[in-house]
Amino acid sequence: MDKKILVMVFGTFDYLHAGHENLFRQARELGDEIISVVAKDKTVKAIKGHSPDHSEKERIENLKATGWADQIVLGHHKDRTKAIKEFKPDVIALGYDQFAFTYRLEKLLMDIHLNTKIVRLKPYRPDIYKSSILREKLIGINENVNV
């Protein structure tokens, strides 16, 4: 039996949208099984400068409900490479806008002797389907409702 090709994706997944669906669709084309690493609340705050609007538990549950990933795990705040070391993916699929911690990724893979391919996925309508844009619109709508 042939070994399944494991593809790993990372994200906050605070507001799920068509851009995320497209990311998972592209990732699915790269392998047989997708494991999604959802960023811890602390990690999101460290990277983005603000906490996510949904808790890590809610974000995992929402992502599970989509069926986009075969397995979903919570990232590790102190060792953000722990999931890579544990699951040893064949492919790491990065979003077009993911740069935090990715510049050291090739070195990490060499250091731990993994022959993992890194693929940068194409954006899907980033002018519309980007979490930060959707978040700003939602916050603006909520502030206007409360006025």
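Tutor: Let us begin with a definition: two strands count as paired if DSSP finds at least two bridges between them. Please note that the model shown is predicted.

Student: Which secondary structure elements does the chain contain, and in what pattern do they follow along the sequence?

Tutor: The chain has six helices and five strands, and the pattern along the sequence reads β-α-β-α-α-β-α-β-α-β-α.

Student: In what order do the strands form the sheet, and is the pairing parallel or antiparallel?

Tutor: In general, strands of a sheet pair through backbone hydrogen bonds, either parallel or antiparallel. Here the five strands form an open sheet with parallel pairing, in the order β3-β2-β1-β4-β5. The edges are held by β3 (71-74) and β5 (117-120); each has a single partner strand, so one side of each lacks a neighbour in the sheet. Direction ignored, neighbouring strands are turned by 25° against each other on average.

Student: How many bridges join β2 to β3?

Tutor: Four bridges join strand β2 (residues 33-38) to β3, and the two run parallel. V37 stands opposite V73 in β3.

Student: What share of the residues is buried?

Tutor: A residue is called buried when its relative accessible area is under 20%. Of the 147 residues in the chain, 38% are buried.

Definitions and conventions. Residues numbered from 1 in each chain as written. Predicted model: local features only at pLDDT ≥ 70, side-chain atom pairs only at ≥ 80, totals over all residues. Heavy atoms only, no water. Buried < 20%, exposed > 50% of the residue type's maximum accessible area, 1.4 Å probe, protein only. Axes fitted to C-alpha atoms, helices over the stretch in contact; angles between N-to-C directions.
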